Amino acid sequence: MRLDRVDLNLFIVFEAIYREQSISKVAALLNLTQPAISNALARLRRTFNDPLFVRSPQGMLPTAVADNIIGDVRQALTLLQQSVGTTGDFQPQLSKKTFKLGMNDLTEYLTLTELMKTLQTEAPNALLTCYYIDRKKATEDLKSGALDILVDAASYNVEELHQSSLGKLNYVVAYGDHHPLNNQSLSLEDYLTQEHIHVSSRRGGKGQMDIALQALGHLRHIKMRVQNYQVAAKVVQQTQLLLTVPRLFAQAKGLSYCELPFTVEPMPINLYWHRSTTDDPANLWMREKIRNILSSLVDEDI
């Protein structure tokens with residue numbers, strides 16, 4: 001294969017299909033039509049003499065050949081992006097960049113409205129895409145450019161990633177307006193006898209509250225486990241379940257709440273990016289915008 005006979009844009013399409021596993025999603029992400037993406041995939045298949053992706057109920061699944069070359073393709077695209085990013089200053093008003101952020105729904109809720117207002121004013125042609133955090137792939141996604149920036153409570157002790165602390169959020173116990181404990185202080189005994197809803201993207205494992213309780217020799221009764229803070233808030237409003245959640249979120253959703261009857265480490269909010277993008281003007285600009293928004297929210301809770 002001679003490189004001068006290959007359209008390098010095809011590798012952007014290849015990486016996007018590998019990541020999204022959907023022709024329609026890639027078309028929307030790259031601002032192209034679905035026939036254009038299908039045509040690009042057909043050209044890729046001829047170039048590599050391999051199907052590369054096979055349709056399935058789970059989406060476009062990569063073949064062994066696609067799995068073998070994705071690492072090299074992503075590394076090459078990252079190097080090209082670095083070269084482009086260092087040719088001059090980032091000009092928000094002229095940029096058509098798509099910023100790819102990794103967040104859970106809590107940080108989305110706290111960040112995206114103000115961030116979009118900023119983009120509409122300062123970078124009107126830029127686009128914003130937010131992905132739910134897959135912690136198993138986070139480092140690789142930042143390395144490959146599938147993500148530009150990650151906002152997470154977790155600690156990533158990876159040399160390739162740089163990070164900045166944005167602050168911490170203190171927890172409270174939230175409940176619906178008609179809960180029997182409404183407007184009362186909560187004892188540890190009360191907390192342990194009540195039923196709880198727990199928010200986690202994992203299928204199992206303990207949260208910070210459960211770790212703190214275990215250290216005291218106690219367990220709480222988790223009646224329901226969900227992935228989404230917004231869903232949890234709605235359930236709490238209409239049931240007798242308790243939700244231990246950052247105070248900032250309880251206030252934003254208008255939930256009644258009281259102080260926790262035991263000590264729990266606050267939730268940290270950290271900003272992560274790959275070391276290769278540390279001096280990238282666009283990445284620097286977006287990191288600063290996110291930092292300004294979240295730091296202004298969590299200052300009281302640090």
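Strands here are DSSP runs (E, at least two residues), numbered from the N terminus. Two strands pair if DSSP finds at least two bridges between them. This is a predicted model: local features need pLDDT of at least 70, side-chain atom pairs count only at pLDDT 80 or more, and totals for chains, interfaces and linings use all residues. Residues are numbered from 1 along each chain as its sequence is written, and side-chain values use heavy atoms, with hydrogens and water left out.

The pairings compare as follows.

| Strands | Residues | Sense | Bridges |
|---|---|---|---|
| β3 and β5 | 98–102 (β3) | parallel | two bridges |
| β5 and β12 | 267–274 (β12) | antiparallel | three bridges |
| β7 and β10 | 171–175 and 242–246 | antiparallel | four bridges |

Where do the side chains of β5 point? Ile149 and Val151 go one way, Leu150 and Asp152 the other. In a regular strand the side chains alternate between the two faces of the sheet. The four β5 residues named are all buried (under 20% relative accessible area with a 1.4 Å probe, protein chains only; exposed is over 50%, partly exposed in between).

Now the open sheet. Five strands make it up, in the order β9-β8-β10-β7-β11, with mixed pairing. Strands β9 (221–226) and β11 (256–259) are at the edges, each with a single partner strand, so one side of each has no neighbour in the sheet. From one strand to the next, the twist averages 35° (axes are lines fitted to C-alpha atoms, and angles run from 0 to 180 degrees between N-to-C directions). Within this sheet, Tyr171 stands opposite Pro246 in β10.
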